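Take a look at the fold below.

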Amino acid sequence: MTSKPKNYRELEKNIHTDLKDRMSYGDYLHLDQVLSAQHPLSDQHDEMLFIVIHQASELWLKLAGHEVEAAIRNVEEHDFRHAFKVIARVKLILTQLTQSWSILSTMTPVDYLKFRDELGPASGFQSYAYRKLEFLLGNKNRNLVEVHRHDEAVYEELKRVLEAPSLYDVVLRKLSGDGFEINPEKLDRDFSLPYESDETVQAAWFEIYRNPDTYFELYELAEKLVDIEDSFQAWRFKHMYTVQRIIGNRRGTGGSSGVPFLKKAIETSFFPELFAIRTDL
């Protein structure tokens with residue numbers, strides 16, 4: 001009897017091998033479409049890396065948006081246990097996205113320049129999954145929707161999210177509902193406009209942080225929001241630094257100034273009062 005190698009793993013008899021007319025892993029995930037969606041425009045080796053990193057990032061961004069939308073519903077329904085769960089998931093998704101820039105940075109400037117012109121005006125700035133996520137978190141700007149006007153379905157979806165309350169907006173309504181005196185102008189406003197910091201909101205968070213045992217649920221929610229901003233800013237910074245590493249101070253393919261434009265995003269805060277109160281605690 002011939003002995004099998006030590007690293008040989010016998011196929012268990014109950015494993016399904018006949019999948020004709022049955023749901024397979026590839027069928028469920030539509031892998032025929034996903035894995036055939038990479039179409040390099042050049043014969044340069046690293047273009048496949050560039051495409052896969054960005055396609056995978058779009059899927060993670062889509063999932064992050066899906067989770068933030070759930071968090072908004074959860075806060076509106078006062079279901080904080082589930083809200084905490086999905087917000088924690090968003091933090092980890094952003095961590096995963098941050099790591100992807102490290103993989104992309106293995107591409108040198110010389111490698112990228114070999115196929116960069118093939119991109120034309122295509123740019124990550126046009127990512128509607130990213131734009132939707134920013135809108136859901138509260139970084140609103142109506143002008144940013146215009147770049148998507150050529151795609152009616154995407155344009156209408158982004159307008160819907162732009163004009164709806166963000167995650168922070170529904171949290172502020174929760175604070176008001178729990179008895180905190182929040183400026184009424186922050187509760188019923190044009191939600192398509194960027195959020196501006198407010199003294200009444202800052203005072204409410206200050207009270208919550210001074211008395212975490214009394215307001216533990218809101219205190220925990222606040223820290224979950226800070227987790228999102230922390231992870232989002234890490235992702236923004238790594239994006240900016242990776243772009244700087246690969247193209248220096250060249251203009252972006254989408255027409256932006258490139259690195260200077262990305263640096264401005266790092267200065268934007270979704271939840272400004274949650275950081276302001278830390279100075280005075």
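Buried means under 20% relative accessible area, exposed means over 50%, and partly exposed lies in between (1.4 Å probe, protein chains only). Phe270 has 3% relative accessibility, so Phe270 counts as buried. This is a predicted model: local features need pLDDT of at least 70, side-chain atom pairs count only at pLDDT 80 or more, and totals for chains, interfaces and linings use all residues. Residues are numbered from 1 along each chain as its sequence is written, and side-chain values use heavy atoms, with hydrogens and water left out.

Now the rings. Rings of Phe, Tyr and Trp (its six-membered ring) pair if their centres lie within 6.5 Å; planes under 30 degrees apart count as stacked, over 60 as edge-to-face and the rest as tilted. The structure holds 17 aromatic pairs. One of them is tilted: Tyr168 and Phe271 sit 5.2 Å centre to centre, with 55° between the planes. This pair links distant parts of the chain, 103 residues apart. Tyr168 belongs to helix 8, and Phe271 to the loop between helix 12 (259-266) and helix 13 (272-276). Helices (H or I, at least four residues) and strands (E, at least two) are DSSP runs, numbered from the N terminus. Tyr168 counts as buried because its relative accessibility is 1%. Phe271, at 0%, is buried too.

Phe232 and Phe270 form an edge-to-face pair, at 5.0 Å centre to centre and 85° between the planes. Phe232 lies in helix 11, Phe270 in the loop between helix 12 and helix 13, 38 residues apart. Phe232 is buried, with a relative accessible area of 0%.

Next, the packing of helix 8 (residues 167-177) and helix 11 (residues 216-247). Their axes come within 12 Å and cross at roughly 165°. Axes are lines fitted to C-alpha atoms, for helices over the stretch in contact, and angles run from 0 to 180 degrees between N-to-C directions. Helix 8 is therefore roughly antiparallel to helix 11 (under 35 degrees is roughly parallel, over 145 roughly antiparallel, 65 to 115 roughly perpendicular, the rest oblique). Leu167, Tyr168, Val171, Lys174 and Leu175 in helix 8 meet Leu218, Leu221, Leu225 and Ile228 in helix 11; contact means heavy atoms within 4.5 Å.

Finally, the whole chain. It has 13 helices and 0 strands. Of its 281 residues, 39% are buried. The C-alpha trace spans about 75 × 55 × 35 Å along its principal axes.
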